[in-house]
Amino acid sequence: MAYFFTSESVSEGHPDKVADQISDALLDNFLVQDPNSKVACETLVTTGLTVLSGEVKSTAYVDVQNVARDVIRKIGYNKSEYQFDADSCGVISAIHEQSEDINQGVEQGKGMHHEQGAGDQGMMFGYATNETDNYMPLALDLSHRILIELAAIRREGKEMTYLRPDSKSQVTIEYDEDHKPIRIEAIVVSTQHDEFIIDEKNPEQAEKAMQEKIESDVVNILIPRVLAQIEERQQKLFGTEAYHINPTGKFVIGGPHGDTGLTGRKIIVDTYGGRGAHGGGAFSGKDPSKVDRSAAYATRHIAKNMVGAGVCEKILVQVSYAIGVAKPMGIFVDTYGSCKVDMKDSEIAKKVSDIFDMRPAALIDRLKLKNPIYQETAAYGHMGRTPQTKELTFKVGNDFKKVEVETFTWEKLDYIDQVKTAFKL
């Protein structure tokens with residue numbers, strides 16, 4: 001029997017994503033000076049105000065107010081009419097020192113076990129599927145792509161010149177009984193915009209005209225640009241979908257002025273759009289000693305290489321930890337009956353634990369997670385992105401420091417040969 005599945009995404013200008021990006025920018029600026037920094041930064045943004053809080057242990061000095069303002073400016077909140085802009089909003093810092101009780105559990109040679117342990121207890125999940133070339137769930141992948149392209153149009157300033165930074169998307173896909181996508185059922189796009197048509201005598205007519213213009217531009221400008229960038233097998237799913245564009249009507253008031261934003265409130269957008277599972281821990285603002293983040297990346301790395309190697313068509317990988325203890329409590333695997341080798345999932349989990357060292361220090365080293373690579377992860381998903389080598393520039397005091405880093409290392413298909421050997425593929 002056919003069924004429907006839906007995922008959503010939010011733009012870099014969504015208030016929760018503004019908060020995420022600020023938190024990760026702070027983390028990057030600590031790491032570029034001190035790679036062993038321990039950081040847990042939380043951000044709140046609301047009308048005319050940004051509040052920075054959390055715990056830090058580092059030898060670095062970071063001008064956190066300027067970092068926050070630079071992020072806000074880059075996103076596009078640079079006009080006073082938004083009621084939240086980089087130059088005029090207040091920035092309050094309440095960041096303090098990391099607890100020594102926590103620190104001794106995540107530092108090599110300290111604590112009861114001496115080996116670097118997990119920064120907290122909990123379980124983390126990684127997921128991969130072959131329904132897209134980047135091994136991501138299709139509904140989420142399309143939702144991200146819609147908003148990435150919408151932001152590109154906004155920055156180009158040539159078409160849809162009324163766009164403001166805040167937006168959301170949602171894609172519903174119909175699947176057949178074999179869990180293969182049949183078609184796109186519906187697409188929702190809500191985008192903040194200027195009040196570009198004003199008729200004081202007939203405001204309802206003005207709002208209707210704006211609505212019609214935005215809907216026409218989304219269907220005739222945005223969607224064709226998205227279609228041009230996706231796989232042919234995905235393009236074939238389009239043609240019968242329903243569109244719901246700014247379905248509540250006018251969307252002028254948005255961003256942190258419209259809704260308060262907080263770090264870590266978009267964990268499903270950040271991961272798999274509701275596919276697989278989620279352990280509940282947010283990512284942004286956390287250094288890699290926090291396994292909420294680093295182990296979630298490591299399990300995605302495992303899942304992607306397992307599907308890429310042909311072990312299965314899709315897979316969920318879970319790892320769990322006790323705070324301060326290096327060795328995981330356990331590794332769980334679910335291939336959803338899509339396994340291509342003659343093994344039980346429990347046997348696959350054992351081989352996974354043999355191939356991938358999931359102790360925090362090992363996975364941090366394997367994925368190069370002490371580098372300042374995190375601000376880019378904080379919008380349009382932490383998973384499914386393209387690994388790249390980049391040169392980044394950071395302001396350190398009165399000078400500028402350039403560093404070369406590898407981004408999204410957990411997306412590399414660099415363990416396929418080891419997996420194929422282990423599974424005799």
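**From a buried loop residue to the cores**

Thr409 is found in the loop that joins strand 13 (399-407) to helix 12 (416-422); helices (H or I, at least four residues) and strands (E, at least two) are DSSP runs, numbered from the N terminus. The model is predicted, so that local features need a pLDDT of at least 70 and side-chain atom pairs count only at pLDDT 80 or more, while totals for chains, interfaces and linings use all residues. Residues are numbered from 1 along each chain as its sequence is written, and side-chain values use heavy atoms, with hydrogens and water left out.

Thr409 has a relative accessibility of 3% and counts as buried; that term means under 20% relative accessible area, whereas exposed means over 50% and partly exposed lies in between (1.4 Å probe, protein chains only). Not counting residues up to four places away in sequence, Thr409 touches His301, Leu367 and Leu369, where contact means heavy atoms within 4.5 Å.

His301 and Leu367 also take part in the packing of two helices. Helix 9 (residues 291-308) meets helix 11 (residues 360-367) at an angle of about 65°, and their axes are 10 Å apart. Axes are lines fitted to C-alpha atoms, for helices over the stretch in contact, and angles run from 0 to 180 degrees between N-to-C directions. The crossing of helix 9 past helix 11 is left-handed, that is, the near helix is turned anticlockwise from the far one by less than a right angle. Helix 9 contributes Val291, Ser294, Ala295, Tyr297, Ala298 and His301 to the contact, and helix 11 contributes Pro360, Leu363, Ile364, Arg366 and Leu367. By class, this contact has 8 nonpolar, 2 polar and 1 charged residues; Ala, Val, Leu, Ile, Met, Phe, Trp, Tyr, Cys and Pro count as nonpolar, Asp, Glu, Lys and Arg as charged, and the others, Gly among them, as polar.

Together with Ile22, Met306 and Tyr321, Leu369 has the most contacts inside the largest nonpolar core, which has 79 residues. Such a core is a set of buried Ala, Val, Leu, Ile, Met, Phe, Trp, Tyr and Cys residues joined through side-chain atoms within 4.5 Å. Leaving aside neighbours within four places in sequence, Met306 is in contact with Val311, Cys312, Ile315, Ile348, Val352, Val419 and Phe423. Apart from this core lies another, of 31 residues, including Ala139, Ile146, Ile214 and Ile245. In soluble globular proteins, nonpolar side chains tend to be buried together.

The disulfide count is 0, a disulfide being a pair of cysteine sulfur atoms within 2.5 Å. Cys89 is buried at 2% relative accessible area, and its sulfur is too far for a bond because the closest cysteine sulfur, in Cys41, is 16 Å away. Cys312, a contact of Met306, is in no disulfide, and the nearest cysteine sulfur, that of Cys339, is 6.2 Å away. Cys312 is buried, with 4% relative accessibility.

Two residues stand out by their backbone. Most residues other than glycine have a negative phi. Tyr336, although not a glycine, has a positive phi of about 55°; Tyr336 lies in the loop between strand 11 and helix 10 and is partly exposed at 34% relative accessibility. Lys424 likewise has a positive phi of about 55° without being a glycine. Lys424 is placed in the segment after helix 12 and is exposed, at 76% relative accessibility.
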